[in-house]
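Visitor: I would like to learn how to read a model of this kind, one feature at a time. Could we go from the pairing of strands to the packing of helices, and then to a single residue?

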Amino acid sequence: MTSTDLEATSLETRAQVFGALSDPIRLRILDLLCSGQSCVCDLQDAVGVAPNLLSYHLRVLREAGLVETSRRGRWIDYDLAPEVIDGLADTLPGPVSRVGT
């Protein structure tokens with residue numbers, strides 16, 4: 001793999017993250033998850049969209065690496081990915097000063 005291939009992959013990854021952040025519903029979901037892990041049923045009540053639409057938005061966030069899932073019996077819990085803050089800063093072009101560092 002050449003450096004050009006790596007750069008293209010990096011740009012695609014960054015574009016995927018920004019695409020995931022470009023929707024108000026997905027931003028609302030991320031805001032809710034900032035308070036901690038939440039099951040789909042709680043997210044459904046808080047976001048107030050159809051279940052199939054919530055599932056779509058959660059999939060977009062998961063594929064972008066912004067959230068992760070864990071299974072609890074029949075329930076699926078969602079949480080922010082541990083490296084979400086650093087990952088977001090890494091998607092920005094150029095050097096970014098991280099808060100608290």
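Visitor: Which residue in E3 does Ser-38 stand opposite?

Guide: In this predicted model, Ser-38 stands opposite Tyr-78 in E3.

Visitor: What order do the three strands have in the open sheet?

Guide: The order is E1-E3-E2, and the pairing is antiparallel. Strand E1, residues 38-39, and strand E2, residues 67-72, each have a single partner strand and stand at the edges, so that one side of each is left without a neighbour in the sheet.

Visitor: Which helix lies across E2 and E3?

Guide: That is helix H4, made of residues 51-63, which runs at about 115° to E2.

Visitor: How should I describe the way in which two helices pack?

Guide: In general, two packed helices are described by the angle between their axes together with the distance between those axes. Here, the axes of helix H3, residues 40-47, and H4 come within 11 Å and cross at roughly 110°. Angles of 65 to 115 degrees count as roughly perpendicular, and H3 and H4 are therefore roughly perpendicular to each other.

Visitor: Which residues of H3 and H4 make the contact?

Guide: From H3 the contact is made by Val-40, Leu-43 and Gln-44, and from H4 by Pro-51, Leu-54 and Leu-58. Sorted by class, the contact of H3 with H4 has five nonpolar residues and one polar residue, with no charged residues.

Visitor: Is His-57 buried or exposed?

Guide: A residue counts as buried when its relative accessible area is under 20%, and His-57, at 3% relative accessibility, therefore counts as buried. The place of His-57 is in helix H4, and, if neighbours within four places in sequence are left aside, His-57 is in contact with Asp-23, Ile-25, Arg-26 and Ile-29.

Conventions: Residues are numbered from 1 along each chain as its sequence is written. This is a predicted model: local features need pLDDT of at least 70, side-chain atom pairs count only at pLDDT 80 or more; totals for chains, interfaces and linings use all residues. Side-chain values use heavy atoms; hydrogens and water are left out. Two strands pair if DSSP finds at least two bridges between them. Helices (H or I, at least four residues) and strands (E, at least two) are DSSP runs, numbered from the N terminus. Contact means heavy atoms within 4.5 Å. Axes are lines fitted to C-alpha atoms, for helices over the stretch in contact, and angles run from 0 to 180 degrees between N-to-C directions. Angles under 35 degrees count as roughly parallel, over 145 as roughly antiparallel, 65 to 115 as roughly perpendicular and the rest as oblique. Ala, Val, Leu, Ile, Met, Phe, Trp, Tyr, Cys and Pro count as nonpolar, Asp, Glu, Lys and Arg as charged, and the others, Gly among them, as polar. Buried means under 20% relative accessible area, exposed over 50%, partly exposed in between (1.4 Å probe, protein chains only).
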